[in-house]
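Have the coordinates open as you read.

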Amino acid sequence: MFAVCAAGFLSAGLAYAVNPVRIDTAKAHVMIRRPALESIPSLIHSESDPIDTLDTVNEHIKVILFGDNTWKYYKTPGFQQETDIFDEAWDEVNSNPYKLAQEDLPYSWSVWLVDSLDQYHCPFQGDIHPRGKFGPRRGRRHQGVDLPLKTGDPIYATFTGKVRMSKYLGGFGNLIVIRHVNGLETFYAHLSKRYVEVGDWVNAGDVIGLGGSTGRSTGPHLHFETRYKGFAFDPQWLIDFKTGELRHRLFVLKKKYFNIYSNYEQDFEDEMRNEEEDKAEDAERAAMKWYVVRSGDTLSKIARNNGTTVNAICRLNDINPNATLRIGKKLRVR
Ligand SMILES: [Zn+2]
């Protein structure tokens, strides 16, 4: 059982690892339905000690076995840092170093959040405060979600990445910003303790600090943000904070999510409606029937053989009944 699972994941994982994933957005829409509804549970840490390390065909990727028969991949940090994600606009002082205009971004963008090598951990599992949602608040932009907690509760790195900021910053209080291999940045604010420093490499699930109420805060909570190229979007597009699960592996990030009035709870209904429309379109496409014109065919013969009428074929193919039928032409007959 173990061997089968390991081998299966290994080949899938290596495919991602060896070729840096660059997804063509148009293709991504075809490959994975929007919104991808396969949720990913928060990483569970093994309490057991590692008992062995296995090599894979890629020298930078190992399999670590634990005493309780669980296993996980280990990628060498150097290998993962070989990407320009950590060179572009790297700034240890400013919360938004990108300085991009929204016009510079494509309409939508596909982001691999996790694969079989990169994992996920909920930063803090709990209910979002009713007044702590992503959106306008008292004339300001509230660019994240507020998760009430007890001072001292552990806060986890959501994905693997490199600490870009770890400092006290005005209203944020103690703030940690991590830039991830997937290109996203996550912000963790109002912490009582920071355990990581700028430049540290962190794995998904590492405890990076403790929750608190530093900065502009009226009570202990985690202010959590997700940003792409400096633009914040509702973290609920990624995470179901109540269950702690990640909503997708491949996330189609749309530019409209950067609008402060765009939030998951409202827009999800629209997305589902689109999903229904797409399904109806797919059903229509599945019901389509095509015929390739052969020597000796006439429209009336084709219509008769396919249980339809000349008029119907003409309408579907936008041709007139006297059109010459070229041999090899594909006609839609239903
Ligand atoms: Zn907040």
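Let's start with a strand pair: β12 and strand β14 (residues 207-210) run antiparallel and are joined by 2 bridges. Pairing here needs at least two bridges found by DSSP between the two strands. Strands themselves are DSSP runs of E with at least two residues, helices are runs of H or I with at least four, and both are numbered from the N terminus. Within this pair, lysine 193 sits opposite leucine 210 in β14.

Before going further, two notes on the ground rules. This is a predicted model, where local features need pLDDT of at least 70 and side-chain atom pairs count only at pLDDT 80 or more, while totals for chains, interfaces and linings use all residues. Residue numbers start from 1 along each chain as its sequence is written.

Zooming out a bit, the β12 and β14 pair belongs to an open sheet of 3 strands, ordered β8-β14-β12, with antiparallel pairing. The edges are β8 (154-156) and β12 (193-194); each has a single partner strand, so one side of each has no neighbour in the sheet. As background, strands of a sheet pair through backbone hydrogen bonds, either parallel or antiparallel.

Another open sheet of 3 strands runs in the order β1-β2-β3, again with antiparallel pairing. Here β1 (50-55) and β3 (71-75) take the edges with a single partner strand each, so one side of each is left without a neighbour in the sheet. Ignoring direction, neighbouring strands of this sheet are turned by 30 degrees against each other on average; the axes are lines fitted to C-alpha atoms, and angles run from 0 to 180 degrees between N-to-C directions. Strand β2 (residues 61-66) is tied to β3 by 5 bridges, the two running antiparallel, and isoleucine 64 stands opposite lysine 72 in β3.

How many helices and strands does the chain come to? The count is 6 helices and 21 strands. Of its 334 residues, 29% count as buried, that is, with 20 or more other C-beta atoms within 10 Å of their own; 12 or fewer makes a residue exposed, anything in between is partly exposed, and C-beta atoms are placed from the backbone. Among contacts (C-beta atoms within 7 Å) between residues at least 6 apart in sequence, 65% join residues at least 24 apart.

Now for the core. A nonpolar core is a set of buried Ala, Val, Leu, Ile, Met, Phe, Trp, Tyr and Cys residues joined through C-beta atoms within 7 Å. The largest one has 47 residues, and Leu147, Ile155, Leu175, Ile176 and Tyr188 touch the most other members. Strand β11 (residues 184-191) gives the most to this core, with 5 residues. Leaving out residues up to four places away in sequence, isoleucine 176 touches a set including Val163, Met165, Tyr188, Leu191 and Ile208.

Arginine 140 lies in strand β6 (residues 140-142) and counts as exposed because it has 9 C-beta neighbours inside 10 Å. Its C-alpha atom is separated by 9.7 Å from that of isoleucine 260, 120 residues apart along the chain.

Terms used
Contact = placed C-beta atoms within 7 Å.
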